[in-house]
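The sequence and structure are shown first.

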Amino acid sequence: MSTKPKIPTIWDIPREELFAPGHRMCQGCGAAILMRHITKALGKDAIIVEATGCVEVTTTVYPQTAWKHPWLHIAFENAAAGASGVEAAIKAMKRKGVIPKDKKVKVVAIGGDGGTFDIGLQALSGMLERRHNVLYIVYDNEAYMNTGIQRSGATPYKAWTTTTPVGKVWRGEWRPKKDIMGIVLAHRVPYAATVNPAYITDLYMKVRKAVEIEGPTFIHAFSPCTPGWRIDPALTVTVSRLAVQTGVWINYEVENGEFRVTTPVPKRKPVKEYLRLQGRFRHLTEEEIAEIQRMVDEEVERINKLVGKTVIGPVVE
Amino acid sequence: MAGKKKLPLSGNTAIAYAVKAADVDVISAYPITPQTTIVEKLTEFVANGELDAEVIHVESEHSALSAAVGASAAGARVFTASSSQGIALMYEIMFIASSMRLPIVMAMATRALSAPINIWNDHSDFMAASDTGWVMMMAHTNQEAHDDIILAYKIAEHPDVLLPVITAIDGYFMSHTIEPVEPIEREEALKFIPKKVTWSVLDPDNPVTMGPLGTPEWYYEFKRQQHEAMKKAREVFDEATKEFEKVFGRRYEPVEYFMMDDAEYALVAMGSVAGNVKAYIVKEARKRGIKLGLIRVKLFRPFPAEEIMEVISNLKAVGVIDRALAFGSSYGGPLYGDILSAAYTRGVDTPIVNFVAGLGGRPVTFRDIKAMVDATLALDGKTRKDVPKEPYFIGVRE
Ligand SMILES: Cc1ncc(C[n+]2csc(CCOP(=O)(O)OP(=O)(O)O)c2C)c(N)n1
Ligand code: SF4
Ligand SMILES: [Mg+2]
């Protein structure tokens with residue numbers, strides 16, 4: 001049974017900032033928007049464990065920090081393992097009366113796509129499988145951005161990166177993006193959802209829900225990277241919204257196996273509108289764009305089948 | 001407190017009993033021979049309600065130590081254990097645990113490193129950990145292995161130290177060998193190592209950022225402080241062992257001396273091979289009138305250079321037994337490297353020679369020890385210039 005809380009409006013989002021300005025993230029960084037609103041949704045009573053990556057290095061340049069939460073970074077591939085340890089410690093100390101039993105402490109792990117889809121996948125699987133009471137959030141900017149835009153398992157088909165360059169033989173990344181949600185859902189987690197920085201109330205609701213649910217929960221967040229995607233810093237939200245409007249990104253949640261699209265798109269825009277704003281897709285030919293359109297159409301069809309009705313409509317030019 | 005009931009315990013079980021007495025909150029470990037039975041015993045304690053701890057059945061050693069870091073950062077008393085390939089897999093996080101100043105205790109049942117894969121004992125894994133910023137001890141009896149765990153928490157959690165500690169035993173030779181051990185009971189253990197969080201922890205009521213980015217402007221200061229903490233660890237080791245003796249009646253020194261009072265020659269060793277050397281000294285060397293003694297290094301990090309050199313400076317010749325190899329180094333075995341540096345900086349001229357022995361579980365026999373003693377005695381009257389530039393590889397097919 002899915003619980004449907006009142007849909008929040010922008011006025012329901014707390015004004016108090018728990019993610020301080022003055023960090024070193026790029027102008028227009030999608031992850032900055034995400035962190036600001038994720039921390040608001042979490043509220044004060046959370047411990048955050050972060051993987052190495054852009055968010056980590058830009059927000060904690062010693063002796064400064066952007067985090068008003070207790071925050072821990074250990075390494076690149078182990079946010080899920082570190083969070084497992086934090087959660088287990090709290091559990092043990094509550095049971096032994098070291099910390100009050102009614103003290104609310106949520107444990108949240110945050111990692112980039114590289115730290116989650118690739119090098120951190122094993123630790124993530126372990127954390128999910130052991131049923132730790134942890135919310136894991138991946139901000140997916142579709143490459144290793146911190147080290148300078150190298151491809152990851154999350155890099156989309158045909159995207160240029162510094163390790164999938166466009167040359168006489170190569171045309172960018174030639175493999176499709178890894179299905180991280182499929183992998184996570186195979187662990188039968190009680191809750192998993194996708195979020196997008198252009199849909200803040202949806203994000204807010206999902207983070208709140210995920211963190212309240214007992215057991216391992218997961219959020220996959222769309223996270224434009226201005227230098228990595230070669231986009232105008234003013235267009236982060238536009239690109240994010242276009243991702244949803246074109247069906248490249250679908251906002252949904254899966255609660256106890258029940259699948260629900262939270263941002264229905266009755267009329268889809270052509271994928272080209274999303275691609276053309278990004279330098280990483282500049283090299284694409286009409287045929288290649290048509291191929292990507294076909295791939296998106298297939299995924300939309302799959303999702304509609306899953307829901308049992310057309311929640312994402314056809315492309316309307 | 002002498003005369004208490006003794007139990008027949010393997011090295012690994014002796015460690016598990018001490019961990020139980022320390023009332024750890026979180027155990028995070030992954031199976032590997034010859035460490036595994038430590039954690040098997042601990043989970044048995046937890047399963048029977050004899051120990052109240054969270055057990056994290058991690059999916060790798062990398063995650064074992066990562067979860068231990070997380071748990072320690074949250075304020076729990078944490079234990080992990082590993083060997084060989086597990087230590088190699090933890091390597092990245094070992095540096096992080098020490099630099100984050102988290103008082104994690106890890107037991108190591110030492111074992112050779114692959115390749116070729118080999119589950120038997122040497123010190124390759126222990127020595128690989130030697131520059132990771134952990135305090136490191138190696139026991140020689142199962143009682144000592146047991147007591148080291150209690151000492152380890154005492155040192156690790158001391159506010160002037162706050163470093164993780166490795167307590168090692170030799171795989172199989174100790175981990176799976178039964179000796180009488182007088183276990184420390186929980187109540188007396190907790191009097192000696194009270195549960196008190198002496199380090200900064202993750203708490204929403206008092207938020208801190210742990211594990212930040214350290215730029216060139218700050219990184220070095222972190223490292224400098226770790227060096228100071230190591231020096232403090234030595235002071236605290238001395239205090240802790242004194243207090244331990246008062247309470248439990250057993251005395252531990254950073255270095256154990258065996259028949260050194262009148263010795264003219266010595267072998268330096270670590271771990272179980274020291275037992276063979278002791279037996280050789282009594283049964284063979286002394287009977288033949290050779291004034292041979294043993295210097296057993298218990299505390300490896302911080303390295304007890306002063307006391308070792310004080311003794312070595314009065315000897316005619318010394319042999320250092322290494323159970324690992326530092327490939328391509330200017331010395332040979334890692335223990336020898338430390339001894340040589342200590343000798344140089346303390347102006348000790350005694351000729352000191354290196355023996356590499358017992359790799360991958362190869363037994364170190366009386367015949368091997370005799371070869372080492374003969375080579376050491378051959379340096380009598382010689383200077384350090386006459387010391388062979390290569391280690392003697394003892395008991396190997398050339
Ligand atoms: C074990 C290890 N390998 C490689 C690195 C180098 N490294 C640091 S961050 C990073 C990429 C991070 O990518 P992602 O997780 O996608 O986060 P992003 O920087 O894109 O936000 C890499 C490769 C590292 N720190 N540790
Ligand atoms: S490189 Fe990309 S992900 Fe990293 S801070 Fe800049 S915009 Fe954000
Ligand atoms: Mg990334």
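Helices and strands are DSSP runs, of at least four and at least two residues respectively, numbered from the N terminus. The model is predicted.

## Second largest pocket

In chain A, α6 (180–185), β6 (217–222), α10 (271–275) and α11 (286–307) each contribute at least two residues to the lining of the second largest pocket. The largest contribution, five residues, is that of α11(A).

The volume of the second largest pocket is about 740 Å³. Its lining has 27 residues, and those closest to the centre are K177(A), K178(A), G247(A), V248(A) and E299(A). By class, 17 lining residues are nonpolar, three polar and seven charged.

## Largest pocket

Two or more lining residues come from each of α4 (84–99), β9 (209–210) and α8 (219–248) of chain B; α8(B) provides the largest share, six residues. The lining comprises 16 nonpolar, 11 polar and four charged residues.

## Magnesium site

D113(A) (OD), N141(A) (OD1) and A143(A) (O) coordinate the magnesium ion (ligand 3) at 2.0 to 2.1 Å. Along the chain, these donors are spaced as D-x27-N-x1-A. N141(A) is buried because its relative accessible area is 7%, and A143(A) is likewise buried, at 4%.

## Loop residue T177(B)

T177(B) lies in the loop joining β7 (165–170) and β8 (178–181) of chain B and is partly exposed, at 32% relative accessibility. Its contacts beyond four places in sequence are L9(B), S10(B), G11(B), N142(B) and Y172(B). A polar side-chain atom of T177(B) lies 2.9 Å from the backbone oxygen of Y172(B).

Technical notes
Residues numbered from 1 in each chain as written. Chains lettered and ligands numbered in written order. Predicted model: local features only at pLDDT ≥ 70, side-chain atom pairs only at ≥ 80, totals over all residues. Heavy atoms only, no water. Donors = N, O, S within 2.8 Å, 3.2 Å for Na, K, Ca; no water. Buried < 20%, exposed > 50% of the residue type's maximum accessible area, 1.4 Å probe, protein only. Contact = heavy atoms within 4.5 Å. Polar contact = N/O pair within 3.5 Å; in protein donor to acceptor, adjacent residues only side chain to side chain. Nonpolar A, V, L, I, M, F, W, Y, C, P; charged D, E, K, R; others polar. 1 Å grid on protein atoms, 1.4 Å probe; cavity = no way out; pocket = protein on both sides within 12 Å on 5 of 7 lines; lining within 4 Å. Points joined across faces, edges and corners; volume = space filled by probe spheres on them.
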